[in-house]
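Please look through the sequence and the model below before reading on. The report then starts from a single residue and widens to the whole chain.

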Amino acid sequence: MDYNTLLQIVKEYGSPTYVYDAEKIVLQYKRLTKAFNNVKQLRINYAVKALSNISVLKLFNSIGSGLDTVSIQEVQLGLKAGFKPEDIIYTPNGVSLEEIENVAELGVQINIDNLSILEQFGSKHPKIPVCIRINPHVMAGGNTNISVGHIDSKFGISIHQIPLLLRIVENTNMTINGIHMHTGSDILDIDVFLYASEILFETAKNFKNLEFIDFGSGFKVPYKKGDIETNIEELGKKLSKRFNSFCKEYGKDLTLAFEPGKFLVSEAGVFLAKVNVVKQTTSTVFAQIDSGFNHLIRPMLYGSQHEIENISNPKGRERFYSVVGYICETDTFANNRRISEINEGDILCFKNAGAYCFTMASNYNSRYRPSEVLIYKGKPQLIRQRETFEDILRNQLEIAM
Ligand SMILES: *Cc1c(COP(=O)(O)O)cnc(C)c1O
């Protein structure tokens, strides 16, 4: 995305705004499928929660992707975007039996991650095949906020509970057609991932009617210079080989499934915001933008470092800035970052803003959520309008006083 196009988008649709590049999304999708082209049946289910705009979902549908969903609303969005129910997998955590039944009714693949619901669902609907989410207790990455496979995690059915799980399956006479793991959001080490996969293969041998094995996600993308990136090609080579040999052993060609979010959309997105104020204090120069953690919470929530470029003055002399927002609370995007000289009115561009950025935006401070633009076939198109005052008041009721 060249700077002139981005500046033009701000002129046309205002600031702040999210911009996504469809071409980059497709490129990432193709890169992943290519890395696994030795597997007979591959399924990529895009994790909707990363970026759930309906036009983005339509894009994924047009390239043959499936969907990974975590709520019935995400399922409904997917169906509205044109996905067939059988191309959607539903992987909730801690939701009610009722919601799971409602999703099953729609014909969507159910993935259950606790024994209580498994037993209840299996007893009531033994004919509906379900996938089970296993917790292999493998810790991927260092940040406990985003590592969900370890021992204290609330996600998945512990491998230590497999005997209990097998008893439930036998007693209810239900069919397990898939097994799944999602160990966390950071696969730094392919060997750790392969190790977790072995646990999944071992578990898989207990089930006779499998159709697929879902390896979840956790592909890491670089956020700043020097960041490690998951080597997809190497993972593809090693896991494909192992998967194919497992299928031989199992006696059936299973589908290998993944459900990446970040890998597919993170780098395809940028967030554009305008500098309202440049404020010099005794020790720091603050650049205050017309946004805050109400629009992009990852730096405050996870300590994520999004690269920031001043696209209004890209060739300017670099100086140190702390980039902060307009929320009446600490909302720091970057501490003492080298950025080319910033003047009030300049447009800053935050990289890696495709995943978990807009979807986590809120109306805190009664601000409007930003607009979203998709560059599709070279043409920027508005895919979400900026909110208005009506949106702030929607659902609020004034009572007599
Ligand atoms: C969030 C989530 C994903 C996507 O994770 P990324 O790190 O964005 O690739 C995949 N599967 C499940 C079950 C998830 O909850």
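Is valine 324 buried or exposed? Valine 324 is buried because its relative accessible area is 9%, where buried means under 20% relative accessible area, exposed means over 50%, and partly exposed covers what lies in between (1.4 Å probe, protein chains only).

## How to read the model

This is a predicted model, in which local features need pLDDT of at least 70 and side-chain atom pairs count only at pLDDT 80 or more, while totals for chains, interfaces and linings use all residues. Residues are numbered from 1 along each chain as its sequence is written, and side-chain values use heavy atoms, with hydrogens and water left out.

## Valine 324 and its surroundings

Valine 324 belongs to strand β14, which covers residues 318-324; helices (H or I, at least four residues) and strands (E, at least two) are DSSP runs, numbered from the N terminus. If residues up to four places away in sequence are not counted, valine 324 touches Phe286, Ala287, Gln288, Ile289, Asp331, Thr332 and Phe333, where contact means heavy atoms within 4.5 Å. Between valine 324 and asparagine 335 there are 11 residues of separation in sequence, and their C-alpha atoms are 8.5 Å apart in space.

## The protein as a whole

In total, the secondary structure of the protein consists of 12 helices and 18 strands. The C-alpha trace spans about 70 × 60 × 40 Å along its principal axes. For 401 residues, a compact globule would have a radius of gyration near 21 Å, and the 23 Å of the protein agrees with this; the radius is taken over C-alpha atoms, and the globule rule is 2.2 Å times the number of residues to the power 0.38.

Of the 401 residues, 52% count as buried. The protein exposes about 18700 Å², of which carbon and sulfur atoms supply 49%, with areas coming from the Shrake-Rupley method with a 1.4 Å probe. Among the contacts with a separation of 6 or more, 68% are made by residues 24 or more positions apart. There are 44 positive and 45 negative side chains, and the centres of the two sets lie 4 Å apart; Lys and Arg count as positive and Asp and Glu as negative, whereas His and the chain ends are not counted, and the place of a charge is taken as NZ of Lys, CZ of Arg, CG of Asp or CD of Glu.

## Two domains

The domain assignment gives domain 1 (22-262) and domain 2 (269-385), with bounds that come from an automatic or database domain assignment. The contact between them takes 19 residues from domain 1 and 18 residues from domain 2. The C-alpha centres of domain 1 and domain 2 lie 33 Å apart.

## Buried charged residues

Which residues does glutamate 259 contact, leaving aside its neighbours within four places in sequence? They are Asn45, Ala47, Asp68, Ile89, Thr91, His180, His182, Asp214, Gly216 and Ser217. Glutamate 259 is found in the loop between β10 (255-258) and α10 (262-265), and it counts as buried because its relative accessibility is 4%. Its C-alpha atom is 5.8 Å from that of isoleucine 44, although the two are 215 residues apart along the chain.

Arginine 298, in helix α11 (residues 298-302), counts as buried because its relative accessibility is 5%. Outside the four places on either side in sequence, arginine 298 touches Tyr223, Lys262, Gly303, Ser304, His306, Ala355, Tyr356 and Cys357.

## Loops and backbone details

Lysine 377, in the loop between β17 and β18 (379-384), is exposed because its relative accessible area is 74%. Lysine 377 and arginine 338 are 39 residues apart in sequence and 34 Å apart in space, C-alpha to C-alpha.

The peptide bond from serine 15 to proline 16 is cis, with omega near -5°, and proline 16 lies in the loop between α1 (3-13) and β1 (17-21). Asparagine 365 is not a glycine, yet it has a positive phi of about 70°; this asparagine 365 sits in the loop between β16 (347-350) and β17 (371-376) and counts as partly exposed at 31% relative accessibility. Asparagine 395, also not a glycine, has a positive phi of about 75°; asparagine 395 is found in the segment after α12 (389-393) and counts as exposed at 73% relative accessibility.
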